[in-house]
Amino acid sequence: MTIKLHQTDQLTNAAIEITGSKSETNRLLLLQALYPEIEIANVSNSDDSIVMKQALSSHKKEIDIHHAGTAMRFLTAYFAIQNQREVLLTGSKRMQERPIKILVDALQRIGAYITYQKEIGYPPILIKGEQNLKSKVHIDAGVSSQYISALMLIGSSLPKGLTIHLEGKLTSVPYIQMTLHLLKDIGITANFIDNTITIQPKQVVTPKRLVVESDWSSASYFYSIVALSKDNTSITLSSYKKDSYQGDAVLAKIYTAFGVQTTFTNESITLKKESKHLVKPPIELDLSDSPDIAQTIAVTCFGLGVECHLTGLHTLKIKETDRLAALKIELEKLGAIVDITTEALHLQPTDHILDGIAIDTYQDHRMAMAFAPLALKTGLQINEAEVVSKSYPDFWSDLKNLGIKISEF
Ligand SMILES: O=C(O)C1=C[C@@H](OP(=O)(O)O)[C@@H](O)[C@H](O)C1
Ligand SMILES: C=C(OP(=O)(O)O)C(=O)O
């Protein structure tokens, strides 16, 4: 499906309810499979969470998790400890190009049985469950925090718990902290001191209801929309809290530089454009703690015509697509001048955006959603717009409710 976004100058001051965080949901779904005493509210309606839920209740031998990175990594650890069970875990063509060796090596070192079915280091993998894994492991922490969260999530189910020594320069650290918070919330004793994570064993937990906060990465597209809007435009989003477990909550701070003020009231945030607060460019940001908002920020800067230099982007090439390469190609179609390295993106200031360009999305939900806010500046098309369902199935209808004019063909 291709979507045409017509240039829209005036938005309605809408209130939007955003689905639960897919990162929190996928952690809690796995924990719920291990500890059925827990109840989860505001579960994400994303494809990635649906696939995670189905996989956890499936009795089939072959499980396909499509494009969901967290599901692939978390379930590798989960099935590694399901005694007497053999599972073939696979995913989409792109998932079969996303590395998993660091996690598999770590699991094998503590006694798990996992073999590669096609290429060494990549899904599909065959897992033979074994509950008695050892209690100490070391792992390279510089490629994906999902490997570490995967180990943390099974740690308390091992006979002696799990101590994880993190090696090298850590990346996406807030996601490790999120896992730690959720473990503690359900009553597991865990800590993260220096580069060592310790998880104590626990058989049963006290029944508890946990409410997932809405997804901050999804909120980023509304930050971008408000940043590209006229003064006094405001949008209210729910349900959010000030002391979030999600690293992407840093948006509230980052977007002040683009003239977006955030007010927290009860469980909502209101974003308001006040350009008197705009910061003088260039915008320089290290996004190694929040890689999922890099595309949003790069497009906001382009829409505002401001120079930016984004670093800490070394993980972007192994996500749904090579996001740095995709950003460069699509921004340049619109008239931008972009330089990329393996870990950085530099955007030069420009004062013109080409009209009527069709943006390719590379099967990456964030490519579609990051470019959509440009409708405040120009008319554009988004190809394969249905990709948004990976994290935010209601994205296009929420945009319509804001008054953005959309047609499908
Ligand atoms: O643990 C998680 O929920 C996630 C961790 C991050 O991945 P990396 O640690 O691979 O950067 C992030 O990009 C992804 O969308 C979700
Ligand atoms: C990278 C992402 O997801 P995953 O790694 O879970 O596929 C994302 O949602 O941006």
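Helices (H or I, at least four residues) and strands (E, at least two) are DSSP runs, numbered from the N terminus. The model described here is predicted, so local features need pLDDT of at least 70 and side-chain atom pairs count only at pLDDT 80 or more, while totals for chains, interfaces and linings use all residues. Residues are numbered from 1 along each chain as its sequence is written, and chains are lettered from A and ligands numbered from 1 in the order in which they are written.

The protein is assigned domain 1 (3–19 + 214–408) and domain 2 (22–211), with bounds that come from an automatic or database domain assignment. Between the C-alpha centres of domain 1 and domain 2 there are 30 Å. Their contact draws 20 residues from domain 1 and 21 residues from domain 2, two residues being in contact if their C-beta atoms, placed from the backbone, lie within 7 Å. On the side of domain 1 that touches domain 2, 5 residues are nonpolar, 11 polar and 4 charged. Here Ala, Val, Leu, Ile, Met, Phe, Trp, Tyr, Cys and Pro count as nonpolar, Asp, Glu, Lys and Arg as charged, and the others, Gly among them, as polar.

The ligands come next. Ligand 1 lies between the domains, because domain 1 and domain 2 both give residues to its shell. A residue is near a molecule if its C-beta atom, placed from the backbone, lies within 6 Å of it. Around ligand 1 are Ser23, Thr70, Ser144, Ser145, Gln146, Ser149, Thr171, Ser172, Tyr175, Pro291, Asp292 and Thr315. This shell holds 2 nonpolar, 9 polar and 1 charged residues, and its largest share, 3 residues, comes from α5. Ligand 2 also lies between the domains, since both contribute to the shell around it. That shell is made up of His67, Ala68, Gly69, Thr70, Asp292, Lys319, Glu320, Arg366 and Ser391; by class, 1 is nonpolar, 4 are polar and 4 are charged.

Tyr175, Ile176, Met178, Thr179, Leu182 and Leu183 are the buried residues of α6. They line one face of the helix, because they fall within an arc of 155° when seen down its axis, the arc being that of the directions from the helix axis to the C-beta atoms. A residue is buried if 20 or more other C-beta atoms lie within 10 Å of its own, exposed if 12 or fewer, and partly exposed in between, with C-beta atoms placed from the backbone. Among the elements covering these buried residues are α1 (22–34), α5 (145–155), β10 (190–193) and β11 (196–199). Just after α6, Gly187 has a positive phi of about 100°.

Most residues other than glycine have a negative phi, and most peptide bonds are trans. The bond from Pro123 to Pro124 is cis, with omega near 5°, and Pro124 sits in the loop between β6 (113–116) and β7 (125–128). Another cis peptide bond, with omega near 5°, runs from Pro281 to Pro282; Pro282 belongs to the loop between β15 (268–273) and β16 (283–286). Asp194, in the loop between β10 and β11, is not a glycine but has a positive phi of about 50°. Asp194 is exposed, with 7 other C-beta atoms within 10 Å.
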